[in-house]
Amino acid sequence: MSGKLYGLLGRTLGHSWSAPIHKSLGCESYRLIELEPERLEDFLRREDVGGLNVTIPYKRDVMQFCDVIDPAAEAIGSVNTLVRRDGGLYGYNTDIDGFLYMLRRAKISLVGKKVVILGSGGASLTAQAAARQEGAREITVVSRTGPDNYENLPQRHAGAEVLVNTTPVGMWPHVEGQPVDLRLLPNISAVADVVYNPGRTNLLLQAEELDRAARHRAEADMPEPPGSGLRRVRYTGGLSMLVHQAKRAEELFFGKTIPDGETENIVTRLWQDRTNLVLVGMPGCGKTTVGRALAQLSGKPFVDLDEEIVRRAGRPIPYIFQTEGEEAFRELEARVLAEVCAQSGQVVATGGGAVLRAENRAAMRRAGRVYFLRRSLEELPTDGRPLSQKGGLEEMYLVRKPLYSAAADVAVANSAAPEETAELIWRDFHENSGD
């Protein structure tokens with residue numbers, strides 16, 4: 001490895017997690033290499049290139065500079081891994097290894113299914129090859145233009161059963177996007193999104209919401225309303241694909257075999273390191289106290305959303321309510337929450353009313369595991385809390401309880417010491433680590 005160059009080649013790489021993944025796999029010198037198109041050829045002619053991963057927008061562009069292209073990569077029409085060997089540049093596609101691993105891990109089958117793939121770039125070519133290999137009944141590629149586009153997708157392909165997103169829509173830092181509305185595709189039973197940052201894109205959040213609703217109705221033995229679109233949906237983000245293709249690339253870089261179990265080890269570590277722990281619940285339920293204990297236990301930095309709002313606004317929350325009204329406060333709260341939750345690896349204690357807006361609930365869930373702290377209403381303090389002081393805590397709770405449940409992955413009773421509640425949350429977080 002000495003003196004050789006290893007890294008990820010692309011144009012804009014601020015979102016990438018590849019460096020820590022490859023360092024975990026043993027390539028300590030791995031780095032991010034951002035290049036403009038006019039510099040690509042000169043760079044690839046460098047003799048000190050040892051091995052490179054290739055990402056947007058160069059997965060097809062690099063093929064013209066390869067001396068040898070692996071037949072599988074040639075058939076796919078996309079190269080994401082380059083290795084300098086015997087003076088020549090060899091091209092491979094390890095994305096397909098990662099893509100198939102991601103599907104198997106999520107128990108998503110393409111056999112006999114009508115598969116719709118969003119996007120027409122290098123990742124799309126990989127998904128198309130995987131779908132053919134796995135025996136999909138029909139494969140449709142949707143792009144912005146052409147006969148199959150986003151506008152006519154619901155009309156032309158309402159029978160789609162598996163949806164694969166290979167576009168960067170929803171990827172950090174532009175996390176608000178969503179390529180399609182799943183409610184317009186009533187037969188979708190599985191969604192795979194190759195985006196890995198954030199862990200749950202808006203597309204996956206909607207798949208999860210549909211699956212939750214269908215599961216709850218089934219558990220309650222309630223029939224599905226006609227035309228509701230409710231159905232069980234399997235879904236997965238792209239983190240396991242990213243890690244597994246990196247593992248395969250490392251094997252090609254250095255001519256070694258790495259056990260598949262290392263993929264799971266790295267996925268778990270990345271998920272634990274990068275995922276936020278977000279606390280929601282009624283005002284006074286102990287989010288800040290438990291959050292501080294959880295931050296100390298986990299080693300993650302702690303952010304109290306109300307304190308952050310006060311810091312940015314330069315005035316107390318009761319004063320904002322009094323002088324500007326609740327709506328102005330909620331606007332400010334939404335902006336701060338979106339910025340805070342777009343970061344990773346934190347403990348975040350939200351305000352009691354942060355769940356009132358759907359966009360806030362989405363922001364919490366995209367990069368976080370959300371915990372609903374429950375405490376008896378009789379134990380909730382009201383001093384310094386503008387809305388709680390108005391009385392009617394029971395009424396407030398009735399309105400907010402379903403929203404807390406909708407936001408949360410887990411409900412936790414906060415009836416013990418804060419340290420004990422924090423330990424419960426931390427244990428759950430570890431037991432449910434994954435993509």
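This is a predicted model: local features need pLDDT of at least 70, side-chain atom pairs count only at pLDDT 80 or more; totals for chains, interfaces and linings use all residues.
Glu331 has a partner. Its side chain meets that of Arg357 in a salt bridge, 3.0 Å from N to O. This pair links distant parts of the chain: Glu331 belongs to helix H13 (residues 326–341), while Arg357 is in the loop between strand E14 (347–349) and helix H14 (358–366), 26 residues apart. And Arg357, at a relative accessible area of 15%, is buried.

That is one bridge. How many salt bridges does the structure hold? The count is 31. Let me pick out a couple more. Glu264 forms one with Arg105, with the closest N and O atoms 2.8 Å apart. Glu264 sits in helix H9 (residues 261–274) and Arg105 in helix H4 (residues 95–105), so this pair ties together parts that are 159 residues apart in sequence. Glu264 is partly exposed at 26% relative accessibility, and Arg105 is partly exposed as well, at 28%.

Now a local one. Glu251 and Lys247 form a salt bridge whose closest N and O atoms are 3.1 Å apart. They are separated by about one helical turn, because they are four residues apart in helix H8 (residues 239–254). Glu251 is buried, with a relative accessible area of 11%, and Lys247 is buried too, at 5%.

On to a charged residue without a bridge. Arg212, in helix H7 (residues 202–219), is buried yet has no salt bridge. Which side chain of opposite charge is nearest to Arg212? That would be Asp409, 4.4 Å away; a salt bridge here requires a distance within 4 Å. Arg212 does touch Asp409, along with Arg365, Ser405, Ala406 and Ala408, leaving aside residues up to four places away in sequence.

Take Leu277: not counting residues up to four places away in sequence, its contacts include Leu294, Val347, Tyr371, Ile425, Trp426 and Phe429.

Ser298 is worth a quick stop. You will find Ser298 in helix H10 (residues 287–298). Is Ser298 buried or exposed? Its relative accessible area is 18%, so Ser298 is buried. Beyond residues up to four places away in sequence, Ser298 touches Val347 and Trp426, and Leu277 touches Val347 and Trp426 too.

Last, the sheet. Five strands form an open sheet in the order E8-E7-E9-E10-E11, with parallel pairing. At the edges are strand E8 (138–142) and strand E11 (234–236), each pairing on one side only. From one strand to the next, the twist averages 15°. Strand E7 (residues 114–118) pairs with E8 in the parallel sense over five bridges, and Val116 has Thr140 in E8 as its bridge partner. Lying across E7, E8 and strand E9 (162–165) is helix H5 (residues 122–133), which runs at about 170° to E8.

Technical notes: Residues are numbered from 1 along each chain as its sequence is written. Side-chain values use heavy atoms; hydrogens and water are left out. Contact means heavy atoms within 4.5 Å. Two strands pair if DSSP finds at least two bridges between them. Helices (H or I, at least four residues) and strands (E, at least two) are DSSP runs, numbered from the N terminus. Axes are lines fitted to C-alpha atoms, for helices over the stretch in contact, and angles run from 0 to 180 degrees between N-to-C directions. Buried means under 20% relative accessible area, exposed over 50%, partly exposed in between (1.4 Å probe, protein chains only). Lys and Arg count as positive and Asp and Glu as negative; His and the chain ends are not counted.
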